[in-house]
Amino acid sequence: MTADNRVYLFDTTLRDGAQTQGVDFSVADKTAIAIELDRIGIDYIEGGWPGANPTDDRFFAAPPAFNRARFVAFGMTRRAGRSAANDPGLNAILSTQARTVCMVGKTWDFHVDVALELGRTEYIDMIADSVAVARTRVDEVMFDAEHFFDGYKANRDYAMTCLREALRAGARWLVLCDTNGGTLPHDIERIVGEVCAEIPGTSIGIHCHNDTENAVANSLAAVRVGARQVQGTINGLGERCGNANMIALIPSLMLKMGYDTGIPAENLAKLTHLSRLLDDRLNLVPNRSAAYVGSRAFAHKGGLHVSAVEKDPRTYEHIDPAVVGNERIIVVSDQAGRSNVMARFRQIGLEIDPRSPDVMRLLEIVKEREANGYAYDGADASFELLARRELHTVPDYFVLQSFRVLAERRWNARGELITLSEATVKLDVAKHRVMEVGEGNGPVNALDSALRKALLPHYAELVDMRLIDFKVRILDSAGGTAAITRVMIESADGHGQRWTTIGVSPNIIDASYNALYDAITYKLFRDGATPAV
Ligand SMILES: CC(=O)SCCNC(=O)CCNC(=O)[C@H](O)C(C)(C)COP(=O)(O)OP(=O)(O)OC[C@H]1O[C@@H](n2cnc3c(N)ncnc32)[C@H](O)[C@@H]1OP(=O)(O)O
Ligand SMILES: CC(=O)C(=O)O
């Protein structure tokens, strides 16, 4: 029995999350993620499947020390034709430092017939004696009832008998799995409700897959009718379409439904970091639209929205973004009104009278430029420079006289085909005309390198600046190679700052230069560099 308001969180990022196509955790990844999960206050951390692969074996051989989480080993019931005590697979999961074991077993008769090709009664015996042996070797056994919902619909008696036998053999938790992820919330609610009523007092868990985009909704529905353990993964990683996303589940359980998840309220503010940490580890671009933690989750773009948010953020925000460690963003674009511009000014730290004609003028310029291919909602640094230039508060740090960029493909002396890029820039800085040549693996890289060579002797601030992302988009596809090009450049520096700038032109090199120019100017302005023109 568990306290009625307490929902236990079971994270399976390191096991079911590792079953995501394209995801391949190292031992170091597993360790770093497990430590963060423990820090935030997750109850159970499933580390993987001991005996299944060398990474999991190494991770289980030296797991991190947890402050409060219980470490869980995953595995399946014994193989047919072996005793549980002598099954090598079962032994592998029972012989680690993990004192909790989560054991998967089939509860859909169709699977027993087709996937296992075993007699149904024989398989029920396998569940019972696997759980019973595990119970003598570890502190806590959970039974993951694979395909429980499909099994319950197909053969209710068989699915329920599997549960009862696991319980009788000593399972502390019965976790109902929507393994194929095809069940909808109303069916989850009905079936979990019926199970809870039929075996009252049993600790029931829920494990949902996201094949109909309902894994979170299904998990919440199960909790509503009595499930008290929820399994999920960070960012919804997992086999096929993924598992229930812990990052959405946790705040929904705590803030919307009032459950105690064991996570201290102040730790909710670590969720955004946790979500991005996983993406960083996996070299994935964070989902900007992710609920609660995405960079767009509290971005306000429409003029009507911003006007109201400025009066009270609750008008268009379901929670305060800071509660989950996220932040509000006010976007300026062709969907904006005066309120967007004023709000951005405030964020930038620009004092301006809202009735000033400069505000409407800037808005008109933004709308005009967006009609010509600019997109300021993704290029905050270029917007800030545009605004400051209109208000005459940003200096010119250098003046470009000309640039020339060459791209050459040729055979070198060793008979290899190579492509080289070379850029020459001529610019005025510190009352001198400077000319520099840069080489690069592409024309923009060469241009960037020539600009830095010319500017570094005058602006030491640029030493730690680097380009981290470069995106090109053709805006008028009907024009083919003659179309307008939009270039977005993301830059970073050694202080952990990141900023995005934009350039638009019919010529891709020209558009890139414009974005580079803004990137360099923004860095110098932010660092308070003294103009050396
Ligand atoms: C729903 C889930 O997500 S469960 C977790 C799934 N995750 C994984 O499978 C990842 C880790 N798995 C592995 O590394 C491997 O599959 C291993 C090491 C576990 C097993 O590998 P192999 O021995 O080569 O078997 P293989 O994966 O080909 O097939 C699974 C075997 O287990 C049997 N099996 C499947 N589920 C169960 C079960 N719950 N209990 C007992 N046997 C089972 C299958 O019938 C099959 O038996 P067969 O080889 O006699 O046909
Ligand atoms: C156990 C599990 O991962 C599933 O049934 O989906």
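## Ligand 1

Ala, Val, Leu, Ile, Met, Phe, Trp, Tyr, Cys and Pro count as nonpolar, Asp, Glu, Lys and Arg as charged, and the others, Gly among them, as polar. On that basis, the shell around ligand 1 holds 6 nonpolar, 5 polar and 5 charged residues. The model is a predicted one.

In this model, 16 residues surround ligand 1. The closest are A52, M76, T77, V104 and L116. Two elements give two or more residues to this shell: β4 (100–106) and α4 (109–116). Strand β4 supplies the largest share, with 3 residues.

## Ligand 2

Ligand 2 has its own surroundings: D16, V104, D144, E146, C177, T179, H207 and H209. By class, this shell has 2 nonpolar, 3 polar and 3 charged residues.

## Domains and annotation

The protein chain divides into three parts. Domain 1 spans 8–263, domain 2 spans 299–390 and domain 3 spans 399–526. The centres of domain 1 and domain 3, taken over C-alpha atoms, are 51 Å apart.

An unreviewed UniProt entry annotates residues 7–269 as "domain: Pyruvate carboxyltransferase". The span 7–269 is 42% helix and 17% strand. Its end C-alpha atoms lie 19 Å apart.

## Helices α1 and α11

Helix α1 covers residues 27–40, and helix α11 covers residues 271–282. Their axes are 11 Å apart, and the helices pack at an angle of about 180 degrees. Angles over 145 degrees count as roughly antiparallel, so α1 and α11 are roughly antiparallel to each other.

On the α1 side, the contact involves D29, A32, I33, E36 and I40. They meet L274, L277, L278 and R281 in α11. This contact has 6 nonpolar, no polar and 3 charged residues.

## Helices α15 and α17

Helix α15 is made of residues 380–390, and helix α17 of residues 508–526. The two axes come within 10 Å and cross at roughly 75 degrees. Angles of 65 to 115 degrees count as roughly perpendicular, so α15 and α17 are roughly perpendicular to each other.

A381, S382 and L385 of α15 make the contact with D518, T521 and Y522 of α17. These residues divide into 3 nonpolar, 2 polar and 1 charged.

Note on methods. Residues are numbered from 1 along each chain as its sequence is written. Chains are lettered from A and ligands numbered from 1 in the order in which they are written. This is a predicted model: local features need pLDDT of at least 70, side-chain atom pairs count only at pLDDT 80 or more; totals for chains, interfaces and linings use all residues. Domain bounds come from an automatic or database domain assignment. Axes are lines fitted to C-alpha atoms, for helices over the stretch in contact, and angles run from 0 to 180 degrees between N-to-C directions. Helices (H or I, at least four residues) and strands (E, at least two) are DSSP runs, numbered from the N terminus. Angles under 35 degrees count as roughly parallel, over 145 as roughly antiparallel, 65 to 115 as roughly perpendicular and the rest as oblique. Two residues are in contact if their C-beta atoms, placed from the backbone, lie within 7 Å. A residue is near a molecule or strand if its C-beta atom, placed from the backbone, lies within 6 Å of it. UniProt positions are given in the numbering used here, feature names are shortened, and annotations may be inferred rather than shown by experiment.
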